[in-house]
Amino acid sequence: MNRVNRSCNKNVPLSRNTQNYLNTYRCILDEMIRGMTHARLCDSISHNFIVQMIPHHKAAIQMARNIEKYTTNPEIEQIACHIIEEQTKSIADMENMLACCSEKCNCEEDLCSWRNAADKVFQTMFRRMRDAASVNSVDCNFLREMIPHHEGAVAFSEITLQCQICPELQPVLESIIVSQAEGICRLQGLLKCICR
């Protein structure tokens, strides 16, 4: 796909559809931030990861459903459908193992170190998602919003894998890292094609 989307010019006034799309996106982002920052944490890194990653995944599903209402790009539609399916399954997997994983406790020093690292990941992700370019193309906006969202999931999973966690959770983290890294490459490639 070599076509350049001229509507990515920042000087073009935003259409009503784009404004509606962005308004919904901002509400999704605000809800995700509240869910992740106000999750009830305990002395288990495994528990804490799950209760903070679930609202993150829910936001991805909502973002995908938002773009489905507006896009006419078949590849964007395919990406959104894949996100909904993958993140819905991941949420179910984490909800099923939450009780078991909550029993895996960590010392205060490890908890403090993990929380500090997680907070840095969150703040970077929140800032980059807030600052994603708002141009007159819902497709370009979606790609620029979803890339830092995926990058946040990878970074959060990587720092958690370095800790003593519930064995059941480890394959979930590894799956998130692989799938989200693949997603980032696909999103970045599409961004270069359609959003110059």
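Buried means under 20% relative accessible area, exposed means over 50%, and partly exposed lies in between, using a 1.4 Å probe and protein chains only. Keep that cut-off in mind for every stop on this tour.

This is a predicted model, in which local features need pLDDT of at least 70 and side-chain atom pairs count only at pLDDT 80 or more, while totals for chains, interfaces and linings use all residues. Residues are numbered from 1 along each chain as its sequence is written, and side-chain values use heavy atoms, with hydrogens and water left out.

**Stop 1: the whole chain**

Show the protein as a cartoon. How many helices and strands are there in the protein? There are six helices and zero strands. Helices (H or I, at least four residues) and strands (E, at least two) are DSSP runs, numbered from the N terminus. Read from the N terminus, the elements run α-α-α-α-α-α.

Now turn the model. Along its principal axes, the C-alpha trace spans about 55 × 25 × 25 Å. Of the 196 residues, 48% count as buried.

Contact means heavy atoms within 4.5 Å. Take the contacts between residues at least 6 apart in sequence: 81% of them join residues at least 24 apart.

**Stop 2: the core**

Select Phe49, Phe142, Leu143, Phe156 and Leu169. Of the 62 residues in the largest nonpolar core, these five touch the most other members. A nonpolar core is a set of buried Ala, Val, Leu, Ile, Met, Phe, Trp, Tyr and Cys residues joined through side-chain atoms within 4.5 Å. Which elements give two or more residues to this core? They are H1 (16-37), H2 (45-68), H3, H4 (108-130), H5 (138-161) and H6 (170-194). The largest share, eleven residues, comes from H2.

**Stop 3: Leu143 and Leu191**

Stay on leucine 143. Leaving aside neighbours within four places in sequence, leucine 143 is in contact with Ile76, Leu187, Leu190, Leu191, Ile194 and Cys195.

Next, click leucine 191, in helix H6. Leucine 191 counts as buried because its relative accessibility is 19%. Beyond four places in sequence, leucine 191 is in contact with Cys140, Leu143, Arg144 and Ile147. Leucine 191 and aspartate 139 are 52 residues apart in sequence and 8.7 Å apart in space, C-alpha to C-alpha.

**Stop 4: two helix pairs**

Two packed helices are described by the angle between their axes and the distance between the axes. Axes are lines fitted to C-alpha atoms, for helices over the stretch in contact, and angles run from 0 to 180 degrees between N-to-C directions. Angles under 35 degrees count as roughly parallel, over 145 as roughly antiparallel, 65 to 115 as roughly perpendicular and the rest as oblique.

Show H2 and H4. They pack at an angle of about 10 degrees, with axes 11 Å apart. H2 and H4 are therefore roughly parallel. Among the residues of H2 that meet H4 are Phe49 and Met63; on the H4 side, look for residues including Trp114 and Phe122. The contact holds eight nonpolar, three polar and two charged residues. Here Ala, Val, Leu, Ile, Met, Phe, Trp, Tyr, Cys and Pro count as nonpolar, Asp, Glu, Lys and Arg as charged, and the others, Gly among them, as polar.

H4 and H5 pack at about 175 degrees, with axes 9 Å apart. That makes H4 roughly antiparallel to H5. Among the residues that meet are Val121 in H4 and Phe156 in H5. By class, eleven are nonpolar, three polar and three charged.

**Stop 5: two residues of H3**

Go to isoleucine 83 in helix H3. Is isoleucine 83 buried or exposed? At 3% relative accessibility, isoleucine 83 counts as buried. Residues it touches beyond four places in sequence include Ala60, Phe142 and His150.

Move along to serine 90, also in H3 (residues 74-101). Serine 90 has 11% relative accessibility, so it counts as buried. Its contacts beyond four places are His57, Val172 and Ile176.

**Stop 6: a loop residue**

Finish at alanine 39, in the loop between H1 and H2. Alanine 39 is buried, with a relative accessible area of 17%. Leaving out neighbours within four places, alanine 39 is in contact with Arg34, Val51 and Gln52.
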